[in-house]
Amino acid sequence: MRLLLGTLFALGVAALVGLGATWLALTQGQAFGGLSVGAWSAWPRHGTASIDPYARAMVARSGQLPVGSGDGIAFQARHDDSGALLDGRCDIVVSGMTPQARYWTITLYDPDGALVANSVQRHGFTSHEVVRRANGSFEITVSPRSRAGNWLPTGGVERYLLVLRLYDTPIGVATRGREVTMPAITRRSCP
Amino acid sequence: MIRIALWLLGGVLLGGIVHLGTVLWLPDLATQDAYSRLLPVAPVNAVTPVTAPTPESSVVPFLDPAFAMAVCRYDLTNGPLKFSVPVSPAYTSVSFYTRNDVAYYAINDRAAGRRVIELELMTTEQRGDLPGDEEVTAADRLIVESPTLTGLIVIKALAPEPGLMPAAQTALTAAKCVQG
């Protein structure tokens, strides 16, 4: 009787600990082996055959297709440079230069990876479209209300994330964070 | 008391095994991964355009809306596959994913170096079965080895501005993915 109770207890603990740890790792956890520059993070290995088991599980669970390393690399930002989560009700400015790449795109998604509805049907910019200063740097205002210049509408959603994808770029598995310059993400105003 | 602690310890150790097991098995058990999502819309060994993502619907999450996209869901059971796509004016890339969505190979138009990206997809065994003299001329051919029998070829063409989207989509309609 005691043995049976003990076994059941141990199995219960095993299920709780095991499944709980998997759930936490795949929903809350940050993947390792990342390349972090300011508020931006990328995982170059996720686009190769040497992707780790945790990342494989995360990719399978979310349903996305990682950008292949021969194609490019995706950097994502969930918070600004001060660490505050990106809030669609605030005015946020993405400014500066991007690393070397033939093309890049910046896109705004909700946390589930869907585009956000807005009145002008703009979901991002390509390196071709964005209006730049004479020195090649650019400034994109991410805000719920229209702004002059490069305006990326948030649709007023509470949480969003920005994905900056570089295509045909030398940045990859061997790149270190300090070799890369990424645009700054600063909060201008918040109601 | 000690007995309970021992059972607890045993449970936690077993929990560690359960955790590793579920993480390793999850890709095989997932029903909402990218391959499964594309299964109903993409016929086997044929190129199908993928509808551009909108706020209401997206076949696969986190698609880049600046790209026209098409997919070939392949099955190499009956032999290797020949794939070709003419490059679009801006930027074209071809990415290969296994059944479990691992991006094992990707190539872009510049790396291909021609007006048409042309390659052959086969498993390691099928490559081994190639006649010897064909191997000599293989320097001219781009052969991609698939680690799995089934998987996805994702073809993307960039529209640098929204007005160029039809041109990008047209470039993809000429993509071919045929067996034999």
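Ser146(B) sits in strand β7 of chain B, which covers residues 143-146, strands being DSSP runs of E with at least two residues and helices runs of H or I with at least four, both numbered from the N terminus. The model is a predicted one, in which local features need pLDDT of at least 70 and side-chain atom pairs count only at pLDDT 80 or more, while totals for chains, interfaces and linings use all residues. Residues are numbered from 1 along each chain as its sequence is written, chains are lettered from A in the order in which they are written, and side-chain values use heavy atoms, with hydrogens and water left out.

**Surroundings of Ser146(B)**
- Ser146(B) counts as buried because its relative accessibility is 2%, the limit being under 20% relative accessible area with a 1.4 Å probe and protein chains only.
- The side chain of Ser146(B) reaches the backbone oxygen of Thr148(B) at 2.5 Å.
- Leaving aside residues up to four places away in sequence, Ser146(B) touches Tyr74(B), Leu76(B), Tyr104(B), Leu121(B), Met122(B), Thr123(B) and Thr124(B), a contact meaning heavy atoms within 4.5 Å.

**Chain B as a whole**
- Chain B has 6 helices and 9 strands.
- Its radius of gyration, taken over C-alpha atoms, is 21 Å, well over the 16 Å that the globule rule gives for 180 residues, so chain B is more spread out than a compact globule; that rule is 2.2 Å times the number of residues to the power 0.38.
- Of the 180 residues of chain B, 47% count as buried.
- Among contacts in chain B with a separation of 6 or more, 71% come from residues 24 or more positions apart.

Key
Buried < 20%, exposed > 50% of the residue type's maximum accessible area, 1.4 Å probe, protein only. Polar contact = N/O pair within 3.5 Å; in protein donor to acceptor, adjacent residues only side chain to side chain.
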